[in-house]
Amino acid sequence: DDVLRLAGIRKSYGVGKPTETEILHGIDLVLEKGEFAALIGPSGSGKSTLLNLIGLLDRPTSGTLTINGTDTTALDDAQLTRLRGHSIGFVFQSHYLISAFTALENVMMPMLLERGRPDAAMREVARGLLDRVGLAKWRDHLASDMSGGQQQRVAIARSLAMSPPLILADEPTGNLDTKSADSVFALMREVSASSGTTFLLVTHNLALAHQCDRIIELVDGQVVAMAGG
Ligand code: ADP
Ligand code: ADP
């Protein structure tokens, strides 16, 4: 079962302008259900560009991108937004929590955006997710009162709220000390193993990358090596 399939993905910026530049030069990539893959590569190699395409935040110039069996090529913006909401969870280097909301309220956000108003079922799901990331006792604390590692755990719980098959994690441990980074990484691996969620982890931390199932290395807009497995 592939959760993500990229075939011949190219991306240019400034299409039709004198500054037109191709950044991604034909990426082929398949991620299976439950895979935990690292995406590495030097600054400027196109990692963010690729992640934006996979996250359905931008469209490829050519090539096909299939998520959970849905070919995204012909979808309009509203359909992409809907597919993104149901298929992709995001964890960023900056957690983007709402600091004036509690941990529980932050985890409820994706469900609120989808369904409009809070209900008991949403709270129950959010409580369960906070239990799962080891923050049961912190659910009513404001995000701003939590440590960096705890905030990233809340962000991981939030990314799971819609039970997406795929989670994109962009330098999720980049702002954390080694101990917190290791523990947040271990949490993501545990979540992936227990739920079958596919992870694509962008990281500069090679020690963590080597603990992933697979390393996808991007150099100058091309995949140069896929190690591990
Ligand atoms: P990387 O993870 O490889 O550092 P980023 O996605 O963080 O890539 O950044 C992409 C490009 O934008 C890089 O060249 C980086 O230096 C630049 N960049 C990233 N964040 C900022 C920022 N806040 N201000 C200015 N430039 C930035
Ligand atoms: P990485 O995340 O690996 O650092 P990026 O995908 O951020 O790489 O950047 C790859 C290249 O694309 C860089 O040369 C960057 O300057 C360029 N780039 C990124 N975003 C844009 C944009 N919106 N317009 C034009 N060029 C861009």
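Helices (H or I, at least four residues) and strands (E, at least two) are DSSP runs, numbered from the N terminus. The legends describe a predicted model, in which local features need pLDDT of at least 70, side-chain atom pairs count only at pLDDT 80 or more, and totals for chains, interfaces and linings use all residues. Residues are numbered from 1 along each chain as its sequence is written, and side-chain values use heavy atoms, with hydrogens and water left out.

**View 1. The open sheet of four strands.** The strand order is E2-E1-E4-E5, with antiparallel pairing; two strands pair if DSSP finds at least two bridges between them. Strands E2 (21-32) and E5 (70-71) are the edge strands, each pairing on one side only. Strand E1 (residues 2-13) runs antiparallel to strand E4 (residues 62-67), and five bridges join them.

**View 2. Arginine 5 in strand E1.** Opposite arginine 5 stands threonine 66 in E4. The residues that arginine 5 touches (heavy atoms within 4.5 Å), not counting those up to four places away in sequence, are Leu29, Val30, Thr64, Leu65 and Thr66. The C-alpha atoms of arginine 5 and leucine 29 are separated by 5.8 Å, at 24 residues apart along the chain.

**View 3. Helix H1 against the sheet strands.** Helix H1 (residues 47-54) lies across E1, E2 and E4 and runs at about 125° to E1. Axes are lines fitted to C-alpha atoms, for helices over the stretch in contact, and angles run from 0 to 180 degrees between N-to-C directions.

**View 4. Lysine 47 in helix H1.** Not counting residues up to four places away in sequence, lysine 47 touches Leu39, Ile40, Gly41, Pro42, Val202, His204 and Leu218.

Conventions
Chains lettered and ligands numbered in written order.
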